[in-house]
Amino acid sequence: MSEPWGPDGLKARVDDALLRFVAEEADRLAEIDPLLGPVAAQLEAAVADGKRLRSAFCYWGWRAVGQPDSDAAVRAAAAMELVHAAAVVHDDLIDDSPLRHGRPTTHRALRAAVRGRPHADAAARSLAMLVGDLLMALAGELFATSGLPAAYLSRARPLWAVMARELVAGECLEILRTGSDPDTTASLKVIRYKTAKYTVEQPLLIGGALAGAGAGLREGFRAYGLPLGEAFQLRDDLLGLFGDPGVTGKANADDVHGQRPTALLAETWRLAGADERERLRSLLGRRDLGEEGLRAVRELMLGLGAPAGIEDMIRARVTEALDALHELDVPSHATDALTALADSAALRLS
């Protein structure tokens with residue numbers, strides 16, 4: 001598509017608004033004291049990459065109501081990427097993940113800024129926590145200064161509190177359930193609140209609220225957004241263990257090392273017999289697992305058919321989302337864009 005709201009054109013516009021805004025804020029931070037230079041650099045690194053799916057869902061929530069293309073709407077949608085960046089920095093910190101987009105995560109990168117100092121690792125983690133906090137604050141600032149009328153912004157502002165509450169709830173549930181016996185229902189609840197809602201449903205609803213969406217359309221957005229968001233995270237679970245790190249930019253062993261409550265692990269546990277569960281217990285949570293141990297986890301999962309079951313869950317949720325989308329009375333260009341976004345979200349390689 002050659003239109004400025006086509007996938008490539010929209011991503012370029014979001015990148016332009018987002019990267020310029022964050023660069024200006026990073027410069028302001030670094031001006032306070034030269035010591036803040038590495039922290040400011042991590043602000044920019046946190047938003048340097050990404051597919052910009054959340055901003056796309058927000059933008060098309062706006063357009064689906066019948067609103068025209070607008071640079072101000074693109075800028076407001078770009079704020080969703082700062083919410084995501086904040087969530088990623090905090091999530092990587094909580095999980096002690098080493099890589100993101102093939103580069104050291106924020107808390108790992110900031111070790112260089114405090115090297116040789118007392119409690120350097122804790123200091124780097126503290127700096128990363130503050131980077132995540134600042135990114136979330138900047139999300140609100142970019143949204144508020146997007147250029148959309150104040151009356152439009154006021155319609156969407158209450159949804160920000162809902163988005164933050166649900167995101168924090170999901171992260172907390174993951175922490176509280178980590179290490180417990182895997183349970184598919186519980187894992188799907190973590191997925192729903194930690195990722196699905198803020199990835200698709202809430203950006204769509206915020207875009208729709210900005211545009212003045214009615215109750216019926218909002219319900220349609222939920223019916224499309226929630227299953228698609230779950231499909232997105234289910235795909236992420238598969239890629240986390242079976243994907244190519246050179247493509248995903250993340251370490252394969254993270255979920256196994258952390259014994260996280262993923263649906264993939266829960267389905268494996270559900271299908272496993274007593275001997276297979278004992279084998280899983282011996283492998284999960286080990287930092288010294290190595291490639292051989294990781295291969296053993298993969299082989300056990302494949303032998304039980306757990307990855308195929310997750311693929312079935314993904315397909316069912318994408319079908320549910322698209323069925324809901326095609327029931328909506330929205331402009332055809334919005335339907336086409338949201339159909340393409342469903343593929344981008346659920347059928348990706350990274």
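Predicted model: local features only at pLDDT ≥ 70, side-chain atom pairs only at ≥ 80, totals over all residues.
Close-up 1. About 90 Å³ of space lies inside the largest cavity. Its lining is made by Asp237, Leu241, Asp255, Val256, Arg260, Thr262, Leu264, Leu265, Leu284 and Met301. Helix H9 (215-242), helix H11 (254-258) and helix H12 (263-271) are the elements that each give two or more residues to this lining.

**Close-up 2. The second largest pocket holds about 340 Å³ of space.** Look for Gly6, Pro7, Asp8, Ala56 and Leu341, which are the closest to the pocket's centre among the 19 residues that line it. Two or more lining residues come from each of helix H1 (7-32), helix H3 (53-64) and helix H16 (332-346). H16 gives the largest share, six residues. By class, the lining of this pocket has ten nonpolar, four polar and five charged residues.

**Close-up 3. The largest nonpolar core has 105 residues.** In soluble globular proteins, nonpolar side chains tend to be buried together. Leu82, Ile206, Tyr224 and Leu228 have the most contacts inside the core. Helix H4 (residues 71-95) supplies the largest share of the core, with 14 residues. Take a moment with leucine 228: beyond its neighbours within four places in sequence, leucine 228 touches Phe57, Val200, Arg317, Val318, Ala321, Ala342, Ala345 and Ala346.

**Close-up 4. Arginine 13 and aspartate 71 meet through their side chains in a salt bridge (2.7 Å, N to O).** Arginine 13 sits in helix H1 and aspartate 71 in helix H4, so this pair, 58 residues apart, links distant parts of the chain. Arginine 13 is buried, with a relative accessible area of 17%, whereas aspartate 71 is exposed, at 59%. The whole structure has 26 salt bridges.

**Close-up 5. Glutamate 166 and lysine 197 form a salt bridge (3.7 Å, N to O).** Glutamate 166 belongs to helix H7 (residues 150-177) and lysine 197 to helix H8 (residues 184-211), so the pair ties together parts 31 residues apart in sequence. Both glutamate 166 and lysine 197 are buried.

**Close-up 6. Glutamate 278 forms a salt bridge with arginine 281, their closest N and O atoms being 3.5 Å apart.** About one helical turn separates these two residues, because they are three residues apart in helix H13 (residues 274-283). Glutamate 278 is partly exposed, at 48% relative accessibility, and arginine 281 is partly exposed too, with a relative accessible area of 46%.

Notes:
Residues numbered from 1 in each chain as written. Heavy atoms only, no water. Core = buried A, V, L, I, M, F, W, Y, C linked by side-chain atoms within 4.5 Å. Buried < 20%, exposed > 50% of the residue type's maximum accessible area, 1.4 Å probe, protein only. Helix = DSSP H or I, 4+ residues; strand = E, 2+ residues; numbered from the N terminus. Contact = heavy atoms within 4.5 Å. 1 Å grid on protein atoms, 1.4 Å probe; cavity = no way out; pocket = protein on both sides within 12 Å on 5 of 7 lines; lining within 4 Å. Points joined across faces, edges and corners; volume = space filled by probe spheres on them. Nonpolar A, V, L, I, M, F, W, Y, C, P; charged D, E, K, R; others polar. Salt bridge = Lys/Arg side-chain N within 4 Å of Asp/Glu carboxyl O.
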